[in-house]
Amino acid sequence: MALNNSPSDRVLKICDHGFKLSEIEVACRKTRVESGGESAVLVINMKPTPGAKRSRTAKPFALNDAQQLALIELPEVALRHKVAPLQPDDGNPAQRERVRLENKYRDVFELRLDWRRLVTYVPNKDLPVYNWFKYKEGFSRELVVRLFREFGLVKRDIVFDPFVGSGTTLLAGKEFGLHGVGIDMLPISVFVAQTKLTDWEDLDLLWQSAQRLLTTPFRQPRSAFAADVRIINLAFAKETQRELLFFKEEIEAFESPVREFLLLGLLSILEDVSATSKDGQFLRLVQKSIPPVREALRSMLAKMIGDLLDLRLFGPMARARTFVRQGDAREMCLPKRYEGRVSAIITSPPYLNRYDYSRTYALELCLLTVKSHRDMVNIRHSLLRSHVESRQHQGKEIAMPALDEVLREVRSKPLNNERLPIMIQGYFEDMNLVIRNLAAYLKPGGRVALVVANAQFAGESVPTDLILCELAEHHGLTTESIRVTRYKGNSSQQMAIYGRRPVRETIVIWRKNA
Ligand SMILES: C[S@@+](CC[C@H](N)C(=O)[O-])C[C@H]1O[C@@H](n2cnc3c(N)ncnc32)[C@H](O)[C@@H]1O
């Protein structure tokens, strides 16, 4: 087993000497008490304590806030500054509606560039469980925890994430004893979030299952990848494809939830064992050295089991009910009992013209569910209309003066993609439905934190945050603040023509009117 130096890896090493995880855990706990709370590293080379009480499942205990936060060093919070946002040209009649919006919301803007990292996945990279699957579009646990505190959430409140992604909001909620509900349209997101949120009672069983899987000799697989999804043959050597399919077939023979645990391990190594890298909006082909599948899987599973051990030893998750299912945020797809019951929604929708998630996660989707190119296109078309390949719907058009202005101006310019206006209109029509649903699920006084980014097409700025704030008003939500967390550069293509015009990324905070 490839091991590094974290305490849990050292504990795993002892397993190689024939101890069971539950025995080691008991010994560990005893040592920590005797040594005044010293770390679990002390158990190296330790024998199971004779006569020690051996419970198969350690009794979970909830950490208090201070202990939870000790897991992460939170950066100092800078003072809040009121800020006048980058102004559109108010002498320009073609920007009148956007200027009106900027002025309308001027008083609720806050510059929070100190939250820059928090709206990214980066702080999660070193966090156990949070980092079981690299989800570059995710935000951080730190952001969610800060918002829980700000919103004054207490145990058993319900948090909802309609764009669940890798499950960050719900996982943080679970740590704090908050009930969580999440939906996502992308099967890989649903699978990842569900698996990360599982209660792993029996670490011995996980450990033995991983050992069994990793020591099963290779045989030719019976299944195949979708033959008409081009990226598979570009990403994986034939031998790698066979190994991946072999492991997937072996994993399918395990019982749930061990099966899902092992499968998540396999899905998590796909980028590493491929000739691709998830890079911005694309799955880029790269030249790199590729580890053997079995070795990559071995260290991933060791890491995952090690994380669970760490959590057991240093503070397990609180108990809370969570559920994640496949669902469309544009539809009222939660059970009726959630209507008017949700205390907080902390979420981030796909950004306008940013990622086509079905392309970014094409490899994982092919191993998980996609059997043909048609399946992939169906997934693509089921997602929020945030990218140019979205399908035009016969939806109800929304009348928004600022949006109409954007569309008029964009249509009057030479465009590098004629579908841009369709996408922009579709995005706001979709988000209008999403916000209507959020308002219906929230209880009076409940809050929404929505991480979004503005966009720019053919030199025309699209103030996504402000347009959404105005839509939210129509659904009974008041905008409490618009926090600017980052200014992002425009594309190099746009910069060459229109100069450097950063667009803002913001967190908008809404409260449901009582
Ligand atoms: C920015 S990501 C969310 C990341 C998440 N906050 C995290 O920390 O992992 C946006 C998510 O929206 C999902 N999505 C796209 N269209 C959707 C729809 N119509 N309904 C629900 N989810 C959708 C995508 O699959 C993606 O997982």
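Reply: Happy to! Helix H7, residues 187-196, has nine of its 10 residues buried, so the rest of the structure largely encloses it. Buried means that 20 or more other C-beta atoms lie within 10 Å of a residue's own, exposed means 12 or fewer, and partly exposed is in between, with C-beta atoms placed from the backbone. Helices (H or I, at least four residues) and strands (E, at least two) are DSSP runs, numbered from the N terminus.

Me: Where do these coordinates and numbers come from?

Reply: This is a predicted model, so local features need pLDDT of at least 70 and side-chain atom pairs count only at pLDDT 80 or more, while totals for chains, interfaces and linings use all residues. Residues are numbered from 1 along each chain as its sequence is written.

Me: Back to H7, then. Which of its residues are buried?

Reply: They are Ile-188, Ser-189, Val-190, Phe-191, Val-192, Ala-193, Gln-194, Thr-195 and Lys-196.

Me: And what covers the buried residues of H7?

Reply: The cover includes helices H6 (168-175), H11 (258-268) and H14 (362-368), along with strands S4 (179-184) and S7 (322-326). Contact here means that the C-beta atoms of two residues, placed from the backbone, lie within 7 Å.

Me: You mentioned H11. How do H10 and H11 cross?

Reply: Their axes come within 9 Å and cross at roughly 165 degrees. Axes are lines fitted to C-alpha atoms, for helices over the stretch in contact, and angles run from 0 to 180 degrees between N-to-C directions. H10 and H11 are therefore roughly antiparallel to each other. For the terms, under 35 degrees is roughly parallel, over 145 roughly antiparallel, 65 to 115 roughly perpendicular, and the rest oblique.

Me: Which residues of H10 and H11 meet?

Reply: Phe-247, Lys-248, Ile-251 and Glu-252 from H10 meet Arg-259, Leu-262, Leu-263 and Leu-266 from H11. By class, this contact has five nonpolar, no polar and three charged residues. Ala, Val, Leu, Ile, Met, Phe, Trp, Tyr, Cys and Pro count as nonpolar, Asp, Glu, Lys and Arg as charged, and the others, Gly among them, as polar.

Me: What about the loop between H10 and H11?

Reply: Pro-257 is found there. The peptide bond from Ser-256 to Pro-257 is cis, with omega near 5 degrees.

Me: New topic: what surrounds the ligand?

Reply: A shell of 23 residues, and the closest are Gly-138, Phe-163, Gly-165, Thr-168 and Leu-186. A residue counts as near when its C-beta atom, placed from the backbone, lies within 6 Å. The shell has 13 nonpolar, six polar and four charged residues.

Me: Is Val-129 buried or exposed?

Reply: Val-129 counts as buried because 22 C-beta neighbours lie inside 10 Å. It sits in the loop between strand S2 (109-111) and helix H5 (141-150), and its phi is positive, near 70 degrees, in a residue other than glycine.

Me: And what is phi for Ala-458?

Reply: Near 50 degrees, again a positive value in a residue other than glycine. Ala-458 lies in the loop between strands S10 (455-457) and S11 (460-462), and is partly exposed, with 18 other C-beta atoms within 10 Å.

Me: Last one: how many helices and strands are there in the protein?

Reply: There are 19 helices and 13 strands. Of its 514 residues, 44% count as buried.
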